[in-house]
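This briefing covers aromatic pairs, a surface patch, backbone angles and a few contacts in one protein structure. Please keep the sequence and the structure in view while reading.

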Amino acid sequence: MYTQELTVWTAFSPAGKENGCLRYIPGSHKKWYYDESKPLTYDVESKSHDFFGYDYSELQLDKDWNPDQEEVFEMEMKPGQFVIFLAKCIHGSLPNVSDTTRLGYASRYVAPSVKVYENVDSLSEFGDTISLDYHGSVLVSGEDKYGHNRIHDKNLNGVPFKKVETDER
């Protein structure tokens, strides 16, 4: 069963076409296009690998589907604006061809029943490997009845996260 993951992407600086605004294929969250359980080949020198050295066509379920033929919506944003979308929605960004930095923050939300990075102690992507020793989840609402994940209740500097009490009706 696929568990939905919500992403909230917040612009901290202007995000326009010239400096890499987000792009989406409208309605792509309604169908599976890729098998993300398969490994990708990393080869930054290959011309067929166009996204940080990866060729995502290796993961396509329908080899005849061409994402370049799909209607694409470009989400230009001002600082402080945000967009909420399902991770299953096919998205990416344009390359930054300007002298202006595009800065944004992505927050991802899943239910406590989801096992985040199950049986994984590091990630290897974009030609680098990072340790997950400090990785953890933050419970933003409700309670964790599953205990699947390392839950952080303070930041790495030891400052506790503030809990907001809600009036449950």
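Where is the place of Asn119? Asn119 sits in the loop between strand 6 and strand 7. The model is predicted, and the values below are computed from it.

- Asn119 is not a glycine, yet its phi is positive, at about 55 degrees.
- With a relative accessibility of 77%, Asn119 counts as exposed.
- Tyr117 is also found in the loop between strand 6 and strand 7, the latter covering residues 122–125.
- Tyr117, although not a glycine, has a positive phi of about 50 degrees.
- Tyr117 counts as partly exposed because its relative accessibility is 37%, a value that falls between the 20% limit for buried and the 50% limit for exposed.

**Nonpolar surface patch**

- A nonpolar patch on the surface is formed by Leu6, Phe82, Ile84, Tyr109, Val138, Val140 and Phe161.
- Together these residues have about 660 Å² of accessible area.
- One of the patch residues, Tyr109, has its place in strand 6, which spans residues 104–109.
- Tyr109 has 35% relative accessibility and therefore counts as partly exposed.

**Aromatic pairs**

- A pair of aromatic rings is described by the distance of the centres and the angle of the planes.
- A search of the whole structure finds four aromatic pairs.
- Among them is the pair of Phe12 and Tyr105, which is stacked, with 6.4 Å centre to centre and 10 degrees between the planes.
- Phe12 lies in the loop between strand 1 (6–11) and strand 2 (22–24), whereas Tyr105 lies in strand 6, so this pair ties together parts that are 93 residues apart in sequence.
- Tyr105 is partly exposed, with a relative accessible area of 49%.
- Another aromatic pair, Tyr33 and Trp65, is tilted: the centres are 4.4 Å apart and the planes are at 40 degrees.
- Tyr33 and Trp65 each lie in the loop between strand 2 and strand 3 (73–75), so the pair ties together parts that are 32 residues apart in sequence.
- Both Tyr33 and Trp65 are buried.
- Ring pairs link Tyr33 and Trp65 with Tyr34 into a cluster.

- Lys88 is in the loop between strand 4 (82–86) and strand 5 (91–93).
- Is Lys88 buried or exposed? Its relative accessible area is 17%, so Lys88 is buried, given that the limit for buried is under 20%.
- A polar atom of the Lys88 side chain lies 3.5 Å from the backbone oxygen of His29.
- Lys88 also lies over the face of Trp32, at 4.3 Å from the ring centre.

- Lys30 has its place in the loop between strand 2 and strand 3.
- Lys30 counts as exposed because its relative accessibility is 69%.
- From C-alpha to C-alpha, Lys30 and Cys89 are 7.9 Å apart in space, while 59 residues separate them in sequence.

Notes
Residues numbered from 1 in each chain as written. Predicted model: local features only at pLDDT ≥ 70, side-chain atom pairs only at ≥ 80, totals over all residues. Heavy atoms only, no water. Patch = residues over 30% accessible without salt bridge, like charges linked within 9 Å, V, L, I, M, F, W, Y side chains within 5 Å. Areas by Shrake-Rupley, 256 points an atom, 1.4 Å probe, with all protein chains shown as cover. Salt bridge = Lys/Arg side-chain N within 4 Å of Asp/Glu carboxyl O. Helix = DSSP H or I, 4+ residues; strand = E, 2+ residues; numbered from the N terminus. Buried < 20%, exposed > 50% of the residue type's maximum accessible area, 1.4 Å probe, protein only. Polar contact = N/O pair within 3.5 Å; in protein donor to acceptor, adjacent residues only side chain to side chain. Phe/Tyr/Trp six-rings, centres within 6.5 Å; stacked < 30°, edge-to-face > 60°. Lys NZ or Arg CZ within 6 Å of the ring centre and 35° of its normal.
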